[in-house]
Amino acid sequence: MAVKPKSRTILEPLGESAVDCSNSSIKSVALATLPDGQTLIYIATVSGVLLLYSLRISESDPLEIAFIRRLSLPGAGTSNSSSLNYIQPLVHIDKVIVLADGFLYLLDSRLLEPAKRISLFKGVTAFSRKFRSIKSGPHTNGGSQTNYVYSNGSSIDSSNLFAIGIGKKLVLAELILSGSLVILKEIQGVLDGIITTLLWVDNSIFVGTKVGYYLYNCINGQCGLIFSLPDSSGMPRLKLLVKESNVLLMVDNVGIIVDIEGQPVGGSLVFKETPDSFREIGSYVVATRNSAVELYHKKIGCCVQRFVVGNGGGGPCLLADEENESGNLVAVATSLKLICYGKVSEEAQIKDMLRKKSFKEAMSLVKELENEGEMTKEMLSFVHAQVGFLLLFDLHFKEAVDHFLLSENMQPSELFPFIMRDPNRWTLLVPRNRYWGLHPPPTLLENVIDDGLTAIQRAVFLKKAGVESAVDAEFLLNPPSRADLLESAIKNMIRYLLACRVRDLAVSVREGVDTLLMYLYRALNCVEDMERLASSENSCVVEELEALLTDSGHLRTLAFLYAGKGMSAKALSTWRILARDYSSSSNHKDQYVETDLQDPSRKITFSPETAAIEASKILEESSDQELVLQHHGWIADINQGIAVQILISEKRIGLLSPDEVIAAIDPKKVEILQRYLQWLIEDQDSDDSRFHTAYAVLLAKSALETIDVSLSTQGSVAERPEKEMKVSEHGGGSSIFESSVRERLQIFLESSDLYDAEDVLEMIEESDLWLEKAILYRRLGQETLVLNILALKLENYEAAEQYCAEIGRPDAYMQLLEIYLNPKDGREPMFKAAVRLLHNHGEMLDPLQVLERLSPDMPLHLASDTILRMLRARHHHHRQGKIVHNMSHALVIDASLGRMEERCRNVQINDESTCSSCHARLGTKLFAMYPDDSIVCYKCYRRQGESTSVSGRDFKKDSLVKPGWLVTRL
């Protein structure tokens, strides 16, 4: 919805001159702007006198309206009918045509020669030259040069065409070079009433009579009634609205706007009274009544300016315009004076409204000019910026920033002085652009608010005294607090700077935007926003923020900034300080909670572990070994898992020196050292026996500690709190490993061949880690000790038998059997295990040796079946070996027989024998025979090769097998 404009100055007087009409009232006024810039003003009186004035607008010379001459028309003003009542300048031919007492007169534009009456027409009641609309082509005061063809078939210059009304008859005529009018077409019988006004636009002729308004189409010759006039209405009047290519049809004090097709467009203009005269200038219609001049906006229909021209001498007050879309002049004439008014530039109008703080009206005008294409993007950006600064100093910060965001050419650096005190790093970047000088110089937001509050207090005092001020009425009724205004200002500045971050800015300006954005966040204590900005890609200048953030305690933000700018050492030192502060502030709790001042309901949780996590992000990517090892210790004190991840990170380019890393790890942090060695061995495929041995020793040591802890806690498990039971395998904090230490030790001892088994064995030799010792003894080749541990200590008979299978010798089984039958340390014989061994692997044992070693105490029913089965299996294996031996011998004989048969093959060649390949007679030629009995000459044999026959069979890939006697029998 358009804003109803307040009264503003659109027309301003340019010059004034007295008019000597000899006590005769004026009848018509016309303007003609010549190519040299001079403007001629014609005033016609009822007595038939034509007055000529000249106006020249120059930037150097003062404007002056000069009287040139007076000319009386012959015979004009002698009858009782209306006298000289219409003037039409024809600039393109330097002529003027006037209507007086029903006759048309042709004069030169400067009235130097006597008037020439055009005798062809008499009783003329109205006439109009042809106008070209903007939609159909260029429009000038003198008309277009486009040619048209009418009924006589000749080409006619449209600028010389006229529509003439004679009573009820409409005549179309052409003005020729001799100064005469030639009739082109006459239209009769289509109009009701006397023609009183005409307007010819393109191919449409608007006709006004007392009955109503008609539209005649020059192309198809049709004439239709647009609408009828009531009997009580005044005379019809027409006006071409050049700017929109529309026509204004007057009905008393109502102006109806239609297009050149006669269709209504937009709304109607309602004047306060029936105007004496009305003209167009830009987007406005100018109307006069009783020496009062009013300007109406054509689209919204509101009166935007009104002024009085003074004493008009009792006669009418008439207007004249330039009749083109770029016209900026309006002449106002009375019987006593002539005043020329010029259109105030849009820039001056906007400036005047802004000076009066009519921001809505100013922006409404700006929007209108933008829609009409009369305002450039640069000017639009300029105005938005100017309005934004005015609103800023009026303490309307949200609206100000809205306008700043609409200003495409405004630089973010223009707002820097409102945030940071001059001089500063960016002082020279601030453009010294005062715009129209309507607002004070930039200063800090605190000063702007203080000055604004002072102005509000002054306005409140003046209001009580009955004096109006330009301060916003809302502020007068409810004065804002300084804190609220400052918060609003900062929030909206933040909004503007955030929007500027996505623009393509110079590096220095981008640095200023991000740095000052951090300033503003800190002013509102927007911790989350500060950290988001600092941790993302930004152009903040750390040197400008370092002291500020340190003093305000925003060390997390500072740490993020350090990290983002590659200042890793400072960032890590800051995280270390934060971890220490969190630990002390939380009173030995896991977390430290802080309240956001902007949103008290939102809690920001910090802990030493969060500091360690952020520090680890830097260290995981750092290849600075000294830096990594320097900060690894305090992180390990907080979280060993994070510490390990730092050492084994895949994000790092290059590997840290394992020796220096191992030396730097706190010996008390056994799990970290274990995990690092595990990573070296398993992930980095390290074959350094030192690392393998160290890893195995550490695992063994941890396994021993685990056993000790388990034994010491077995007696008091029921009395211990549940929380204390959740300890690691070696008694301190949660483990970083998912599997138990003994499981890892056993797996590693089985999988690795590079550790020193004796060193590990020395560590656990006196312990109860029997399975681990068995693995180590096996690695050292101590078979007897391995079998003793598996069979006696672990009683894992299956593992013992499997170990014997690995050894692969029968004596290993016999040794295991002897262990079962004669266990030491006072243990009873293990008859069931011995029977199991005999049952599973009896074929590997010598029955005689088994019988010799069987104990007399062994129950016969346990051994008889097993020994019998063992003997049968022994006999079976013996017989089966003989069968295999005889079968192998038979195959050898069969192969020898086949070889002999092949050597005994022969072929008989006669005179009719031919080569199977080239079909040539063999005769006495050399030939070859393939295994499939095909015969070829030696030449074909050389070509085909010795392995491929004529049939294409390759005997190397597809051998020919002839069954021997053994295969045939089977």
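Strands are DSSP runs of E at least two residues long, and they are numbered from the N terminus. Keep that in mind for the labels that follow. The model is predicted.

Start with the largest pocket. It holds about 1100 Å³ of space. Its lining takes in 43 residues. Nearest the centre of this pocket lie Asn85, Tyr86, Thr197, Arg237 and Arg279. Strands supply much to look at here. At least two lining residues come from each of β2 (26-33), β6 (86-90), β10 (124-131), β16 (195-201), β20 (237-241), β24 (277-281) and β28 (318-321). The top contributor is β2, which gives six residues. By class, the lining of the largest pocket has 25 nonpolar, ten polar and eight charged residues.

Now turn to the second largest pocket. Its volume is about 720 Å³. Of its 32 lining residues, Lys357, Phe359, Asp394, His396 and Asp472 are the closest to its centre. Here the elements to find are α2 (359-371), α3 (377-393), α4 (397-406), α6 (445-464) and α7 (473-477), which each give two or more residues to the lining. The most come from α6, with five. The lining of this second pocket divides into 17 nonpolar, six polar and nine charged residues.

How do α1 and α3 lie relative to each other? The axes of α1 (residues 346-355) and α3 come within 11 Å and cross at roughly 10°. Angles under 35 degrees count as roughly parallel, so α1 is roughly parallel to α3. On the α1 side, Glu347, Ile350 and Leu354 make the contact. On the α3 side, Met379, Val383, Gln386, Val387 and Leu390 do. The contact has six nonpolar residues, one polar and one charged.

The structure has three of 30 Å³ or more. The largest cavity has a volume of about 60 Å³. Among the residues that line it are Lys239, Glu280, Asp321, Glu322 and Glu323. Its lining has three nonpolar, three polar and five charged residues.

The second largest cavity holds about 40 Å³. Its lining includes Ser283, Tyr284, Lys343 and Glu346. Helices α1 and α2 each supply at least two residues of this lining. The most come from α2, with three. By class, the lining of the second largest cavity has three nonpolar, two polar and four charged residues.

Terms used:
Residues numbered from 1 in each chain as written. Predicted model: local features only at pLDDT ≥ 70, side-chain atom pairs only at ≥ 80, totals over all residues. Heavy atoms only, no water. 1 Å grid on protein atoms, 1.4 Å probe; cavity = no way out; pocket = protein on both sides within 12 Å on 5 of 7 lines; lining within 4 Å. Points joined across faces, edges and corners; volume = space filled by probe spheres on them. Helix = DSSP H or I, 4+ residues; strand = E, 2+ residues; numbered from the N terminus. Nonpolar A, V, L, I, M, F, W, Y, C, P; charged D, E, K, R; others polar. Axes fitted to C-alpha atoms, helices over the stretch in contact; angles between N-to-C directions. Parallel < 35°, antiparallel > 145°, perpendicular 65-115°, else oblique. Contact = heavy atoms within 4.5 Å.
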